[in-house]
Each structure stands twice: as C-alpha cells, then as structure tokens.
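This report describes a few parts of one structure in plain terms. Please look at the sequence and the model before reading on.

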Amino acid sequence: MEYLTKNESMVNLAMFGAVAVGMLWHRSYSSSEDLGNEGFDADHQESEDFVQSIPKVELHVHLDGAFDPEKLWKYMQDNPDILAQFPTEKKLPWTDPAEAPLPLREMVEACRTEVDYRHLCTCRRRYQALRNKSAKKGRHSPPGTLEDLLTCFEFFFPLVYDNLALLESLAYDFVVRQYEQNIIYTEMRYSPHLLAKDPQEAFAAVTRGLRRGCREYDVTVNQILCAINFVPDWSNEVVDMAAANKEKDPCAVVAVDIAAGEDHFSRESPLWKGHYDMCQNAKNMGINVTIHAGETPDSHENVRKAVEEYGATRIGHAYKIINHPELIKLLKEKNVHVEVCPTSSVETGGWKKTQWTEHPACIFRKHGLSVSLNSDDPAVLNTSLTWQFRVAMKKMQWDKSDVTSVIEDSIDAAFVSQDYKKQLRKRLQDSSSWKKSLEFFTDRVHYDK
Ligand SMILES: [Zn+2]
C-alpha cells in the first residue's frame, strides 16, 4: 500500500484546515441528543464546577488528535504556500481499492474560514455530511467508524509532517490544553514515524515542546510511543526509541502502544509479526504495553490476544467485550486496566449507542474492572477530558464518588512509580489542588452548529 512506504507520503496525508474559535466554555445549551454534546444548564452547575475543578488524570490521548485547529488554520494563513504540501488526491489504506481517492487539496482549499476547516478535520456525525459533500466522488468512509475518524487526520497531517518547529509548538500547546482543564498527570501518545521523515527528530521536537510546557505550567506529561497497525516495519524502531528514553525525565517514554486498527492481531496477517515481536521485546526490556483492542467490529477476541499474547497490562477501549463475560473475567483476574473514551466510543461505532447508563464504562465498573475516562482525540472529536466527566455525571448518572474513584483507578494504572502515585493521590485529596478559581478554565469545545 502506498501508505506503507515510509516517508513517501505522509505528506500526502492530509488537508488543511482549520479552525477554532476561541473556545472558552460557553454556558450554551443545545437540546441536541447527538453525542451528549449539550452543555450544562443551571441545574447542573454544581456538577459542572466539580468536573472543572477536580484534579484529573488522562491516560489515553493522542497528540495528533489534539492539534488545535485554530492554530493549524492560523499557520496556513501565515504560510499559504504550504497548501502545495497537500496531495491533490489520496488513496486511503482502509478504503476499498475500487473507491475513488480523496481530493484532499481541493477540500482544504474550499475552506473559507477556520470554522469550515475545523468541520473538515472534526469527526462528528453532523460534520461528516460536509466532508461527503466536498468529496465529489465516493463516500470514502461511513460515519461512525474508526476509518471515518482516521480520515479526519488526513486534513492536517501534510501541515505538520516534518515541520519540527510547528510540532514543537503544538506539543507545547498540548500541555497548555491539559493545564487549562486541571489535568495534573497525562500519558500522551503518538507515532513519531507519522510525524517526520526522521522519527528521532519528531520525538526530539515533541519532547522539547512538552518539557517547556510542563516547566511553565506545573503539570506532568509522559509519553507513549505508538506503533501503527498498517506499518509493522516501524515497530522495531518504536520499541528501541522507547527503551532509549524510558528513564529520561521529564516527559519520559513510559510505554508502547499499537494504534490505528486491529488487523495485526491475526497471526495469518502480514502485519502480525512486527507488532508481536515489538511487544515481546518491550516485555524483555521492562517497557509497559498498552494496546488498542476491542474497538472495531467483531474484535472482542483481540482483547484476549492483547493480554495473553502481546502482554498488555492496559487496553485502550475494549468495548466489544461487554457481551463476553469470560473476557471481562480475564481482565479482572489479571488486573488489566481499561482506558475508556466515551465520546470516541460513539463516534467510531466502538459502542453501538443505547442508553448512556449501559455504556461499557458502566458495565466494566459494575464488574469491578479498573477504568479510566479519556478524551482520545480531543480536537478531532471536538471534545475534552472534562467533557467525558460531564457525560459520566449527566448521562451515565455517576455521582461525585464515581468520578473520584475513576480518577483513583487512573492513578493506580498510570505507568509511574509507586511514590509518584502517592503524590498524585495526595493532590487528588488535597483541596489546594482543586481549582477553586476557574477563570483559566477552558476545554476548547466548540458549540457552533
Ligand atoms: Zn486511541
């Protein structure tokens, strides 16, 4: 697949766009049931203050899914020549060979405002229509699938690819984004190979930005390096980079992951060996493993493979095991933590939405599993970690003790020392870590229609 050839064109990856508007938390209220994206009305003010001010921990968030479209749009306006980086057409690796390629450049060029661009880069069903309209031929990927979410990244990857100064500044901005929500500890993940010709340079640029941000804002962000489902040839380097940087605080690498699909779990697949070997090497080198599994259709058995064969101690998503008690039992027995991403689970179809009170997060907790809530791709999903707790309190009917207990689970499952976990627990209990004054709070969620 063209996508597989390393550097050739990641530059092809995307389009432009974007946008963002200011983003302070508006008290706006929409009655739309769509994704639980309505704001809080006055009746929920107490919960709103609670979810804003409580010190939070996030274990599953992608750097490239958090690039602020406002900043990307501004960058494009300041550097109009960069449009040429966008391929006129891009064949996506997950689409049917018979399907027409995506006219990337044309779609980005058609954006007139940052809002247009943001909608292009945003995976919300109501924006899917816009992308379909712009893409003259073919549907490309049905809404509500992982593939649709991955398509969004195509509209900004060419901007950031091999652009080390921009990468550094976006990594710095990522830290600010966490600080703005009082997220005191984060494990942020990405694939260095997807971001530059030389993954070492991408890693160095991202690390510089993170360190500067963490120094200035007094939050901690560690890194998880992702292997990419479609490109097993990268995996060996991923684990070597992780090993070389695992003790290098601040912003050390604490784990490896496999992202962007689950095809590699099949032993018959040519994708299997590279990823499997990476995980065995990680185990031998004392590197933690967390893996995306149980998110795509019929993928419940992948959760077992991730744990029993790949050695994962945490699983990203795992929604597809909700009707498989033996797999829930397996996770419970092995004390495997599940990184749940509620908004993402709806957008990718990982969870076929019924009642929010039946969300996998609720089911897992009922069975005594260790669970965290996470934003996954906050910019691409137009959401935030704070938003996930809003959904939990308003839709899943969690109370304050449920939220606190999930944050405690997150601390227990973090890839850090016992001493540091103790410090995090102390901050959760210590009222001075709770932000009473919320003037600085923003979760950058947009409410435009
Ligand atoms: Zn993810």
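Strands here (at least two residues) and helices (H or I, at least four) are DSSP runs numbered from the N terminus. This is a predicted model, in which local features need pLDDT of at least 70, side-chain atom pairs count only at pLDDT 80 or more, and totals for chains, interfaces and linings use all residues. Residues are numbered from 1 along each chain as its sequence is written.

Two strands pair if DSSP finds at least two bridges between them. The pairs are listed below.

| Strands | Sense | Bridges |
|---|---|---|
| E5 (residues 288–293) and E6 (residues 314–317) | parallel | four |
| E6 and E7 (residues 337–340) | parallel | three |

Alanine 293 stands opposite histidine 317 in E6. E5, helix H13 (residues 300–308) and E6 form a right-handed β-α-β unit; right-handed says that, with the strands pointing away from the viewer, the path from the first strand over the helix to the second runs clockwise. From E6 the chain crosses through helix H14 (residues 325–333) to E7, again as a right-handed β-α-β crossover.

Valine 254 lies in strand E4 (residues 253–259). Why is valine 254 classed as buried? Valine 254 is buried because 20 other C-beta atoms lie within 10 Å, and the cut-off for buried is 20 or more, with C-beta atoms placed from the backbone. The C-alpha atoms of valine 254 and phenylalanine 415 are 6.0 Å apart, although 161 residues separate them along the chain.

Methods:
Buried ≥ 20, exposed ≤ 12 C-beta atoms within 10 Å, placed from the backbone.
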